[in-house]
Amino acid sequence: VGVGCHLDHLGKRGGVVHPGADDDGSGSAGLMAIAEAFAKNPTRPARSILFMAFCGEELGLVGSGYFARNPSIPLESMVAELQIDMIGRNEEGERGEEEASDNLDCLHLIGSQKLSDDLHQTCLRLNERAGFAFEWDEEDVFYRSDHWNFARQGVPIAFFFTGFHAQYHQPTDTVDRIDFPKLARVSTYVYDLAYELAQQESRPLVDAVRWQELSGKSRETPAAPIRN
């Protein structure tokens, strides 16, 4: 089971530092928290967990693209890739039409329906305990984070994202704005999901029709087993 985030942000632009606390300091912190939770759990899951922190996401998914083309393990062995990118805020409308307080329970579950209904249903089932109000209105960012390089290879993916805000890609994306309880809550949910996927005897299958519909795929057959 792969769990991924990206480490890079915009750096210094015109002498101004862009901290990137949410994008993707929040995902990086979540990845470390999930790894620590697995390390402290005396009960090891049946499958191994691969933690991946990519560089070059902001430059065009560079690090994950290289890994997907040159994986340290066969992609056929990866049952799913769970991506956490911007999980430390509550979504806000840039023009004030939506307040952060309106989205305390909001979580965007992106791409889980693109390849595998098995993975999607597992995400829904485990959310019965997490209690997030899933939103589906950000599917246009499916191609904009590192999970895409796994999806196009035929690995089932789920991308977890708490939404945009006015500080996105701005110098004001600072750590004092992070909602740490929300970050911890998302990380706990992704931990539970990773553990479940690592324990399941069966693995998520790729749906044949969805694989054919997925644009930009880089191989004829998916890495995961296919359901015709």
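Visitor: Is His147 buried or exposed?
Guide: This is a predicted model, in which local features need pLDDT of at least 70, side-chain atom pairs count only at pLDDT 80 or more, and totals for chains, interfaces and linings use all residues. Residues are numbered from 1 along each chain as its sequence is written, and side-chain values use heavy atoms, with hydrogens and water left out. Buried means under 20% relative accessible area, exposed over 50%, and partly exposed in between (1.4 Å probe, protein chains only). His147 has 0% relative accessibility, so His147 counts as buried.

Visitor: In which helix is the place of His147?
Guide: Helices are DSSP runs of H or I with at least four residues, strands are runs of E with at least two, and both are numbered from the N terminus. The place of His147 is in the run of residues 147-151, helix 5.

Visitor: Which residues does His147 touch, not counting those up to four places away in sequence?
Guide: Contact means heavy atoms within 4.5 Å. With residues up to four places away in sequence not counted, His147 touches Glu81, Gln83, Val141, Phe142, Ile157 and Phe159.

Visitor: With which side chain does the side chain of Asn149 make a polar contact?
Guide: Asn149 is also placed in helix 5, and its relative accessible area of 9% makes it buried. A polar contact is a pair of N or O atoms within 3.5 Å; within protein, one must be able to donate a hydrogen and the other to accept it, and residues adjacent in sequence count only if both atoms are side-chain atoms. At 2.8 Å, the partner of the Asn149 side chain is the side chain of Ser64.

Visitor: What separates the C-alpha atoms of Glu201 and Asn149?
Guide: Glu201 lies in the loop between helix 6 and strand 9 (206-207). Glu201 has a relative accessible area of 84% and is therefore exposed. Glu201 and Asn149 are 52 residues apart along the chain, and their C-alpha atoms are separated by 26 Å.

Visitor: At what angle do helix 1 and helix 6 pack?
Guide: Axes are lines fitted to C-alpha atoms, for helices over the stretch in contact, and angles run from 0 to 180 degrees between N-to-C directions. The axes of helix 1 (residues 21-40) and helix 6 are 9 Å apart, and the angle is about 50°.

Visitor: Which residues of helix 1 meet helix 6?
Guide: On the helix 6 side are Leu183, Ser187, Val190, Tyr191, Ala194 and Tyr195. Those in helix 1 are Ser26, Ala29, Gly30, Ile34, Ala37 and Phe38.
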